[in-house]
Amino acid sequence: MRTDSSPGTLPAREHLPADAAGTPVLDVVIPVYNEEKDLQPCVRRLHDHLTRTFPYPFRITIADNASTDSTPDVARLLEARVPEVRSFRLEQKGRGRALRTVWSASEAPILAYMDVDLSTDLNALLPLVAPLISGHSDLAIGSRLARSSRVVRGTKREFISRSYNLILRGSLQARFSDAQCGFKAIRRDVAQLLLPLVEDTGWFFDTEMLVLAERAGLRIHEVPVDWVDDPDSTVHIVRTATDDLKGVWRVGRALATGSLPLDRLTRPFGDDPRDREIMDVPKGLARQLVGFCVVGGLSTLFYLLLYSGFRQFSGSQTANALALLVSAVANTAANRRLTFGVRGSAGAVRHQTQGLVVFGIGLALTSGSLLALDAAASDPAHATELAVLIAANLAATVLRFLLFRAWVFPDRRGDQEAEAAQHVGRPPTGTAASPAYPAPGPLPRRPHTPSPPRNDSTTAQFRAGEAADGTWRDATIRLQPVRPHDTDQGDVR
């Protein structure tokens, strides 16, 4: 952060003081392992920042991961002296395990976590959780790789971080910019359904949670952060990188096989109370056309190469049939995955069978064109054959797209939505949830968490969040005003 006051620079950012206390709206978890030295100054600094700047009740939870030093004693001392602090002891190591345990037990509607070294500037905390409180987003992450972020760290860590995020983009098609920044938040109603799908209990926990959330269509808000590397970090880089790559392979395989029930995490269109039925909206026709044209162009080149190769030792009809057969199988598989977005092995054999029927129609068009050419010229040149085949394939391509869209890969979302409306909360017939990925119910709509009124003479009530089944809990949070004389100078707060 810039602190100079030279002409032309903006003044330092100032926050309005918080004026309410009570049941927490925000629960900030600090996972620790053998942090007896840094834990107390970290918690005190975070507590002071939240007291001065956060306009809602909050809590700080220390999640001890089986520490072997005096970290548990320090945590208990802070819990005893600071009302907003509580400690939680786990007998097994693992940051992911600690976050899952504490977040699952917390009643706060907004859940967050940060590393004990406080490498991230705390001024980003309120922008991190504000979109979650308002109901705009489902998760929020701090990003050290955003254009406006300011980061101080060594070349090795910078290279590893950027390489890891490139791997995520290339292998898992992740669109978020920074998976490993220790500064994240999630809505409790989302966490209740998303966390059971996350298998990792260590450092890959963050990445897996974000990838699954993104694939499920949940909204992830990114906040540029100022970040200073902790030179005393105890993270084992090589072992962590190896575990992360194993996690990337595991999650990628699960996504490819369709074993994750991510469809049950999707949000309804529009936010409460303006949900409405959207009629006559095109179902991705433009995108499908672009994808089909790209796949078709590549398939045509592949087909022509195959035809030229087979033509060396067979007649034109045989070479055409063989080239069409091989390219048709590849074309159907590519369109299935890239153009029409069908994933997993379910229905793959049926789709290939229907694709071969479409191939037969294309074969009839191209073979008929070759017969017409042979009838017109007794010994046509190879270039002429290729020109005729290209024209015939263009006609076959248009017909293939129409058949793929209407018959092979029809859009059945309307039928699925109607069926889902009749069977709310029921798993699909004949399917069983995997032990590693239990199937949760559908997410409720994102409600707005109301802001407490800033009036010392009144006591306000508002709902803390939604239950997992989509119904409001019959509970309120009472916000008590805070007066300056309530806190004496000797209080550890």
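Select Ile 110 first: it stands opposite Arg 187 in β8. Strands here are DSSP runs of E, at least two residues, and helices are runs of H or I, at least four, both numbered from the N terminus. Now widen the selection to β5, residues 110-114, and β8, residues 183-187; the two pair in the antiparallel sense over 5 bridges. Two strands count as paired if DSSP finds at least two bridges between them.

This is a predicted model, in which local features need pLDDT of at least 70 and side-chain atom pairs count only at pLDDT 80 or more, while totals for chains, interfaces and linings use all residues. Residues are numbered from 1 along each chain as its sequence is written, and side-chain values use heavy atoms, with hydrogens and water left out.

**The sheet**

Show the whole sheet next. It is open and has 7 strands, in the order β4-β3-β2-β5-β8-β6-β9, with mixed pairing. Color the edge strands, β4 (85-90) and β9 (220-224); each pairs on one side only. From one strand to the next, the twist averages 20 degrees.

Axes are lines fitted to C-alpha atoms, for helices over the stretch in contact, and angles run from 0 to 180 degrees between N-to-C directions.

**Strand β2**

Of its 7 residues, 7 are buried, so the strand is largely enclosed by the rest of the structure. Buried means under 20% relative accessible area, exposed over 50%, and partly exposed in between (1.4 Å probe, protein chains only). Show side chains on both faces. Leu 26, Val 28, Ile 30 and Val 32 cover one side; Asp 27, Val 29 and Pro 31 are on the other, and all are buried.

Bring back β3. It runs parallel to β2, and 7 bridges join the two. Pick Ile 30 and look across: Ile 62 in β3 stands opposite.

Go to Asn 34, in the loop between β2 and α1. Its phi is near 55 degrees, a positive value in a residue other than glycine. Asn 34 is partly exposed, at 27% relative accessible area.

Move to Ala 66, in the loop between β3 and α2 (71-81). Ala 66 also has a positive phi, about 55 degrees, although it is not a glycine. With 14% relative accessibility, Ala 66 counts as buried.

Now select Gly 154, in the loop between β7 (150-152) and α5 (155-171). Its relative accessible area is 35%, so Gly 154 is partly exposed.

**A helix pair**

Select α10 (316-339) and α11 (348-376). They pack at about 145 degrees, with axes 8 Å apart. The contact residues divide into 12 nonpolar, 10 polar and 2 charged. Nonpolar covers Ala, Val, Leu, Ile, Met, Phe, Trp, Tyr, Cys and Pro; charged covers Asp, Glu, Lys and Arg; the others, Gly among them, are polar.

**Zoom out**

Buried residues make up 42% of its 493 residues.
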